Every structure is written in C-alpha cells, then in structure tokens.
Amino acid sequence: MAPEITKRYLLGDLVLEPKARRLSKGGAPVHLTRKPFQVLLYLVEHHDRLVTRRELLDQFWEGHDVYDETLTKCVGAIRKALDDQTENPRFIETHWSEGYRLVCKVVEEQLTPADPTGIEIETNHAGKIGAEEVNQNALPADQKISPLDPLAAPLTLPEPKRFPRHLPIVLTCSVIVFIATALYFYGQRLMVSTGPLPPIRSIAVIPLKNLTNDPANEYFSDGMTDSLITALSKVDGLKVTSRGSVFGFRGKEVDPREVGRQLGVESLLEGSVMKSGDTVRVGVRLVSAADGRVLWSSDPQDRALGDIFAVQDEVARRVIAGLRLTLGGESEQRLAKHYTNNVDAYLAYMKGRYFWNKRNGEGLAKAITYFQQAIDIDPNYALAYAGLADSYILKRIYVLLQPGETLQQMEAKAQEAAEKALTIDDALAEAHTSLGLIKAALGNNDAEIEREYKRAIELNPNYATAHHWYALHLNDLNRFDEAIAEIKRAREIDPLSVVINSDVGIVYTSARQYDQAIEHFKKAMEMDPNFPDAHAMLGWTYVRKGMYREGIAEFEKARALFGSPTSQLEAIIYAHGMSGNRSEALKVLAKLERLTKQHHTQLPWENWLFIHIGLGEHDKAFELLEKAHRDSSNVKRQLMGPTIDPLRGDPRFDDLQRRVALAQ
C-alpha cells in the first residue's frame with residue numbers, strides 16, 4: 001500500500017500545514033484561531049485567482065446572513081498574524097468591494113514518510129506553474145517533469161517505482177482532452193452572451209443594524225438608512241422602496257429572495273453602522289434578490305464623524321455602479337447636493353426625524369425641538385424646515401396639542417415652515433408635499449393644492465408620501481379613478497406601509513364601496529394590529545354600513561392606541577346618535593366637554609360637525625358649515641364625504657354646495 005502523501009505550503013518564511021492545522025515561522029508556531037486558519041488555507045489553495053467575499057461567506061459561514069465586518073475581522077486577524085499591511089500587502093491583497101487575492105509566492109510541498117524532503121511545486125501569484133529543479137534531480141530521468149508543460153504537473157505526484165512508465169502520458173492526454181472540451185463549451189457560453197449585463201432598476205434599503213446595541217444610537221442608524229433611501233431616490237429610472245416598507249425588517253434576519261418578493265425589487269442594500277464618539281463605521285453590501293448573491297460590498301473602515309457626508313456619497317455612488325446604472329447630468333447634480341454641511345445640524349435633523357416617525361404626542365414634541373435645533377445651527381437647512389412643517393401638520397391632524405396650543409396655530413406654523421423651506425430650496429419635494437397638505441387643510445384653491453403635489457412628484461417620482469397625499473386630495477374631490485391610481489402608485493413604492501395600505505381603504509370608503517374598504521383596513525391591521533388609523537377608519541366604515549356596535553368597538557381601540565383623552569370621542573358620539581342611542585351619545589358628549597376643558601384643548605370644527613349630525617342637530621350643523629365657509633375653511637371636502645350624507649336632500653345643502661363650488 002502506497003504511503004500517505006501529505007502537503008504543506010511555504011509562504012516565504014512561513015510554513016502552513018493543513019492536516020496538522022499549524023502555521024509556523026522559523027519553527028515557532030504562529031497563532032491563528034480556527035476560522036482565520038480556514039480562510040487563509042482557502043486563499044492559499046486558490047492563490048491563482050481572486051476569491052470573492054460572497055464565496056468566503058458561503059464557504060465558511062454556510063450562507064448565513066453575516067455582515068462584512070465578520071469577514072473583515074477574520075482577514076484582519078490573518079493579517080495581524082502574518083504581520084501584513086493593507087496598504088502595501090506582502091500576503092493578502094484587498095480588492096475593493098470584490099474580495100481578496102494571495103499575492104505572495106507559494107511553494108507546495110508533497111511529503112511521504114519515505115521522502116521527507118518532498119517534491120515542491122512552485123506557484124507565483126499570477127498562477128504560473130513550474131517545477132523545482134532541485135527536487136527533480138532526485139527523480140529518474142524518465143519521470144522528470146518538463147517545466148514547459150504545465151499540464152504535466154499533477155497536484156499529487158505518484159511514486160516512480162509503483163506506476164507504469166506510460167501513465168503520465170495517459171494522464172496528460174486526458175487532461176488535455178478535458179481542458180479542450182471545457183474551453184469549447186465555455187466559448188459557446190461566451191458566444192451566447194452578446195453584451196453587458198442589463199442594469200438593475202429597483203432596490204430596497206434594509207435598515208442598517210446598530211452595532212453598538214445602544215438604543216440611544218438608533219437615531220443614527222435610522223438616519224443613515226433614510227439618507228441612503230433619499231440619495232438613491234434621486235437617480236432617474238431607479239425604483240426605491242420607501243421607508244414605511246423597509247423599516248418593518250429592522251433588526252430581523254432576512255432572506256433576500258423573500259424580501260425581494262414582498263417588496264417587488266431586484267436588489268437589496270443591507271449592512272450595519274457603528275457610531276462611537278467622533279468615529280463612525282459603515283459597512284454595506286448590495287445583494288441580488290433573485291439568488292442572494294453579493295453584487296458589491298464595502299470594506300468597512302473607521303472614519304471621522306466629520307466625514308459622514310463623504311461616506312454617504314461614496315456608498316451611494318458605489319451602489320449605483322453595482323446596479324450598473326449610469327448617472328445623467330440631473331441625477332448627478334441631485335446626488336451631489338447636500339442640504340447642510342454642518343454635522344451637528346445633520347445629527348439634530350436625524351434625531352428630529354427619528355422622533356417624528358413615532359407619530360405620537362411625546363415624539364412630535366421632541367421632533368420639533370430637534371428640528372428647531374438644526375435650524376438654529378444652520379438657518380439655511382431647508383430639510384429641517386420641512387421636518388418642522390411635517391411635525392406641526394401631524395399635531396394638527398391627530399389633535400396632539402399641548403396646553404395653550406390651538407389648531408390655527410399649528411396650521412400657521414406648518415405653513416410658515418414649509419414656505420421657508422421652499423424659499424431656501426424650491427426643488428425640495430418634501431416641502432412641496434407638506435405645503436400641499438397644509439393648503440388642503442386650510443381650504444385653499446384645489447388647483448393650487450394639486451400644483452404642489454404634482455410639483456413634488458415631478459421632483460421626486462419615488463416619494464411615496466407625495467403620491468399618497470395627492471391620492472387623498474383627489475379622493476376629497478370625488479375623482480376616485482385618479483385617486484385609486486395614485487394610491488396604488490404610493491403602495492407600489494411603499495408596499496408594506498401600514499398607513500398607505502390603510503388609506504387604500506379610505507378611497508374605497510369615500511366611493512361607498514364599503515366591503516372592499518373593510519378588506520383593505522383588515523389587511524393593514526394584519527401588518528400592524530396596533531395601528532390606530534386603521535381601527536378608526538374601519539370604525540367609520542362599519543358605522544356607514546349601519547354596523548354601529550362594531551364601529552364603536554373599533555373607535556375604542558383606536559382611542560386607546562392614539563393615547564389622547566379626547567381622540568375618537570366625536571366618532572363614538574356620532575355612532576351612538578345614528579344608532580338611535582341618543583342618551584349614551586349625550587353622556588359621551590359631556591365627557592368630551594369635560595376633557596377639553598381639563599386639558600385646555602380645542603376640537604376641530606369638523607369634529608363638532610360630526611357630533612351635531614350624529615345627534616340629529618341639523619340646524620346647528622348647517623350653522624357650523626356656513627361659519628366655516630365664511631372663515632375660508634375647507635368645507636368642500638366635508639360636503640363630499642359620506643359622513644355628511646344625512647344632510648343631503650336638504651335645500652340648504654344644495655345651496656351651500658353651489659356657493660362653495662363657485663368660490664372654488
């Protein structure tokens with residue numbers, strides 16, 4: 001029986017012994033833990049080519065969702081053991097965003113117990129194979145390997161005395177036939193591939209992981225995610241999934257193929273961020289949603305926090321290159337644009353958006369504080385003014401007022417902030433969208449409102465909120481076909497957004513298609529059972545179908561979730577009154593009046609309109625409508641909604657509707 005042949009590799013003055021799992025230098029062991037040793041051995045065994053990051057992750061981490069820091073730290077451990085440098089490598093060369101290549105001279109020794117000196121096969125980093133003359137001298141003349149014939153250099157050499165003389169010739173011929181066949185079929189594949197790979201035109205940015213595990217830094221990882229979404233949204237022809245959908249995957253281990261299916265995108269950008277003091281590290285990778293392959297990945301390095309804008313630009317541009325997209329002149333200019341160059345202002349803005357997205361009273365109060373802080377640092381920060389406008393808008397919509405605040409104050413402050421943002425930068429889609437909603441709340445000219453929304457969509461077709469709010473405006477005008485088209489476009493950009501999916505139900509409710517509306521509200525609640533708007537609107541839909549008990553139950557759920565003492569009480573009064581339970585409606589009304597005095601809050605006139613209609617007080621309802629019309633409030637919106645249906649048929653309704661239309 002032939003003796004067992006073992007091998008070892010000589011890397012300069014280092015000796016790598018795979019079977020013994022030993023790395024040594026001058027006879028002294030060089031310590032490497034198991035995983036770095038395996039990766040080093042793999043690089044040595046494949047030293048004739050570039051080894052990709054994806055290949056190493058699949059090989060040694062079994063394809064699990066491992067971020068690039070893991071691999072980078074592993075290679076870093078190897079470099080430290082080899083005393084290698086990233087800038088001027090003697091052993092491992094890093095290919096930015098691709099992988100690693102061994103660049104040192106590799107000598108492979110094959111040893112048997114009978115021949116401890118071994119036979120060396122030398123390979124340099126270019127992959128050329130030769131034979132060491134000193135070892136060939138130990139072989140019989142008829143067994144020497146020609147240095148001119150690389151195919152004759154087997155990885156494991158047989159013992160000369162045990163095999164027939166003609167065996168090397170047979171093996172050589174077999175290898176030549178095999179290679180010729182492989183080259184033929186490879187050539188056929190090249191002939192089929194007639195051009196470059198097509199560009200990838202859709203992407204979702206999965207929320208970056210906060211590697212500090214400190215909740216106080218969540219605003220930063222969320223803000224970096226938002227910034228990348230915003231940057232990529234500026235690229236013409238690229239569909240970018242909105243924030244509302246991707247943040248459902250925050251903190252979860254994801255399967256790129258499943259996420260791509262849910263979001264309807266071809267690629268994902270995922271990764272992590274670590275902020276420590278004045279240092280930041282961002283590591284991301286672009287992944288194919290078709291098969292999970294890594295298309296591009298960054299090489300995470302510690303950077304100064306002051307370089308954060310440059311880091312974001314680098315990542316965005318490399319992602320665009322990984323998508324095989326070419327930037328046009330306008331896209332290039334939009335991508336290069338920074339809304340502030342002050343890092344402190346930017347961090348304050350990040351915190352503002354973080355708390356704004358909580359959409360509750362406490363969160364909005366903090367958001368306003370941080371947006372104002374960003375403005376104080378940089379008075380020309382248009383995005384911060386837009387954030388301030390959005391905060392006042394939500395306080396007005398959800399009636400989340402502090403003592404002494406009024407709805408009129410919120411409307412005025414929101415309008416002032418949005419107009420200031422557009423004075424600084426008229427090309428800000430977010431500010432045009434905000435101003436459109438404010439003008440709608442104030443009852444401005446419909447054409448003027450529509451102009452704001454269309455301008456926002458023109459500036460950023462990927463801005464789901466613009467499509468969303470424009471759809472609701474069209475819905476208020478009873479232009480249901482157009483409203484459905486816009487809300488579907490918003491949902492396409494932001495497919496997992498609970499609020500957008502819920503508002504699809506609003507459009508169907510306004511069109512009096514109640515069963516379809518109920519179906520959409522329930523779908524939204526499957527996404528998030530604790531989303532208050534879905535419960536509130538489902539309640540209104542039940543009430544409009546005459547299902548009063550079910551409607552009141554949903555209003556109570558929404559009230560608890562909103563966390564406001566007066567929230568939904570007008571809806572509950574309306575439902576009790578319409579069901580004929582006037583005594584219960586009056587009890588709830590007394591409670592509402594007590595709470596508004598106690599908390600120094602003011603109900604919108606629309607809420608009082610619902611109360612009067614529910615209680616059958618039509619004269620008071622018309623008085624309120626007339627006053628609102630004189631005050632230039634948006635009466636037209638209420639006249640078109642189904643909640644006001646009990647007033648239809650009254651001559652006063654037809655007369656008011658005619659005068660409102662003339663005024664518009």
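**Entry 1: strand β10.** I kept in mind that I am looking at a predicted model. I started at β10, residues 202-205, and checked where its side chains go. S202 and A204 point one way, I203 and V205 point the other way, and all of them are buried.

**Entry 2: neighbours of β10.** Next I asked which strands β10 pairs with. One partner is β12, residues 239-240, which runs parallel to β10 and is joined to it by two bridges. Looking for a residue pair here, I found S202 opposite K239 of β12. Another partner is β13, residues 267-276, again in the parallel sense, with three bridges to β10. On that side I noted I203, whose bridge partner in β13 is S267.

**Entry 3: S272.** While in β13 I stopped at S272, which sits in that strand. Buried or exposed? S272 counts as buried because its relative accessibility is 0%, and the cut-off for buried is under 20%.

**Entry 4: the β5-β7-β6 sheet.** I moved on to another sheet. Three strands make it up, in the order β5-β7-β6, and the sheet is open with antiparallel pairing. Which strands sit at the edges? They are β5 (51-52) and β6 (92-95), each of which pairs on one side only. Between β6 and β7 (residues 99-102) I found four bridges, in the antiparallel sense. Within that pairing, T94 stands opposite Y100 of β7.

**Entry 5: the helix on that sheet.** Then I looked for what packs on these strands. Helix α1, residues 34-45, does so, touching β5, β6 and β7. I also took down an angle: the direction of α1 makes about 65° with that of β7.

**Entry 6: G641.** My last stop was a loop residue. G641 lies in the loop between α27 (635-640) and α28 (651-663). What does G641 touch, leaving out residues up to four places away in sequence? I got R512 and R648. I also checked G641 against N475: they are 166 residues apart along the chain, and 9.2 Å separates their C-alpha atoms.

Key: Residues are numbered from 1 along each chain as its sequence is written. This is a predicted model: local features need pLDDT of at least 70, side-chain atom pairs count only at pLDDT 80 or more; totals for chains, interfaces and linings use all residues. Side-chain values use heavy atoms; hydrogens and water are left out. Buried means under 20% relative accessible area, exposed over 50%, partly exposed in between (1.4 Å probe, protein chains only). Two strands pair if DSSP finds at least two bridges between them. Contact means heavy atoms within 4.5 Å. Axes are lines fitted to C-alpha atoms, for helices over the stretch in contact, and angles run from 0 to 180 degrees between N-to-C directions.
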